[in-house]
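Here is a briefing on one protein model. Look over the sequence and the structure, then read on.

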Amino acid sequence: MFYFDPLYFIIMLPALLLAFFAQMKVKSAYATYTKVANSRGLTGLDAARVILPNEGLTGVQVEGTPGELTDHYDPRSKKLRLSAGVAQQPSVAALAIVAHEIGHALQDHHGYAPLKLRGAIVPAVTVSSWVAPALFFIGFLFGFTQLAWLGVIFFGVSVVFSLITLPVEFDASRRALKLLETYQLADGRELQGARSVLQAAALTYVAALAQTLLTLLYYVSILGRRRE
Ligand SMILES: [Zn+2]
């Protein structure tokens with residue numbers, strides 16, 4: 001009965017719909033702006049070669065990564081990994097994405113506190129992602145309510161992670177648009193396009209937070225019902 005709890009689907013539905021909507025928006029914004037060439041004909045790699053040295057990020061290496069929309073900055077190895085669609089296409093989408101990832105490199109370079117905090121809790125998130133449900137379900141099924149609550153507390157780490165991801169991502173996008181403007185890599189209309197791509201991406205992080213918060217709400221609500 002517990003395994004097919006309709007309450008779970010009722011609680012999670014808004015988050016799932018939002019996640020679906022955000023994914024659609026990202027795909028459509030990327031599909032649109034990957035076809036719009038930027039006026040200076042700069043690929044993502046060209047843009048990185050302009051921005052990185054000018055921002056004092058000479059220690060950041062650029063390398064390729066397989067897949068689409070897989071671009072990321074790795075703070076541990078100081079590597080900016082770009083997908084072929086971003087590195088090699090002279091599109092508005094490529095400019096937006098490369099500038100966003102360099103935004104993360106700048107956060108790392110300047111010791112931006114939320115990025116540091118997010119990096120610091122990654123190991124705890126990895127552990128809590130399997131410890132929290134294990135404690136919760138064992139506690140719940142065998143009637144050890146306190147153990148189940150401990151699972152909920154562990155799950156809080158994931159909530160903090162999703163929460164801290166928001167300022168990190170919004171700040172990287174804000175930096176991205178400033179970089180594109182400062183180095184005159186994009187004109188007014190292209191900046192508008194870049195903003196659309198980045199806003200769609202930001203929505204996926206909001207959806208992830210909603211999903212985590214509602215899962216927490218579900219855990220708390222079924223433990224609360226048990227007590228009655
Ligand atoms: Zn990001």
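K25 sits in helix α1; helices here are DSSP runs of H or I with at least four residues, strands are E runs of at least two, and both are numbered from the N terminus. This is a predicted model, in which local features need pLDDT of at least 70, side-chain atom pairs count only at pLDDT 80 or more, and totals for chains, interfaces and linings use all residues. Residues are numbered from 1 along each chain as its sequence is written.

- K25 has 19 C-beta neighbours inside 10 Å, so K25 counts as partly exposed.
- The scale is as follows: 20 or more other C-beta atoms within 10 Å of a residue's own means buried, 12 or fewer means exposed, and in between means partly exposed, with C-beta atoms placed from the backbone.
- K25 and A200 are 175 residues apart in sequence, yet their C-alpha atoms are 5.6 Å apart.
- Leaving out residues up to four places away in sequence, K25 touches A200 and L203; a contact means C-beta atoms, placed from the backbone, within 7 Å.

**Overall layout**

- The protein has 7 helices and 3 strands.
- From the N terminus, the order is α-α-β-β-β-α-α-α-α-α.
- Along the principal axes, the C-alpha atoms fill a box of roughly 65 × 35 × 25 Å.
- Of the 228 residues, 33% are buried.
- Take the contacts between residues at least 6 apart in sequence: 73% of them join residues at least 24 apart.

**Helix α2**

- Helix α2 spans residues 44-54, and its buried residues are G44, A47, A48, I51 and L52.
- Viewed down the α2 axis, these fall within an arc of 115°, so they line one face of the helix; the arc is that of the directions from the helix axis to the C-beta atoms.
- P53 and N54 are exposed, on the other side of α2.
- The buried residues of α2 pack against β1 (61-64), β3 (79-82), α3 (84-87), α4 (92-109) and α6 (145-182).
- After α2 comes G56, with a positive phi near 75°.

**Helix pairs**

- Two packed helices are described by the angle between their axes and the distance between the axes.
- α2 and α4 pack at about 40°, with axes 9 Å apart; axes are lines fitted to C-alpha atoms, for helices over the stretch in contact, and angles run from 0 to 180 degrees between N-to-C directions.
- G44, A47, A48, I51 and L52 of α2 meet A94, L95, I97, V98, A99 and I102 of α4.
- The α2 and α4 crossing is right-handed: the near helix is turned clockwise from the far one by less than a right angle.
- The axes of α4 and α6 come within 7 Å and cross at roughly 115°.
- α4 also passes α6 in a right-handed crossing.
- On the α4 side, the contact with α6 includes L95, A96, A99 and H100; on the α6 side, residues including V168, D171, A172 and R175 take part.

**Nonpolar cores**

- Nonpolar side chains tend to be buried together in soluble globular proteins.
- A nonpolar core is a set of buried Ala, Val, Leu, Ile, Met, Phe, Trp, Tyr and Cys residues joined through C-beta atoms within 7 Å.
- The largest core has 40 residues, and L95, A96, V98, A99, I102 and V197 touch the most other members.
- Two or more residues of this core come from each of α1 (6-33), α2, β3, α3, α4, α6 and α7 (188-227).
- α4 gives the most to this core, with 11 residues.
- Another core lies apart from it, with 7 residues, among them L135, A148, F154 and Y219.
- Beyond its neighbours within four places in sequence, V197 is in contact with A29, Y30, Y33, A93, A96 and I97.

- V160 is in helix α6 and counts as partly exposed, with 16 C-beta neighbours inside 10 Å.
- V160 and I121 are 39 residues apart in sequence and 8.8 Å apart in space, C-alpha to C-alpha.
- K78 is in the loop between β2 (72-74) and β3.
- K78 is not a glycine, yet its phi is positive, about 55°.
- K78 has 14 C-beta neighbours inside 10 Å, so K78 counts as partly exposed.
- Q184 lies in the loop between α6 and α7.
- Q184 is not a glycine either, and its phi is positive at about 50°.
- With 9 C-beta neighbours inside 10 Å, Q184 counts as exposed.

Definitions and conventions
Contact = placed C-beta atoms within 7 Å.
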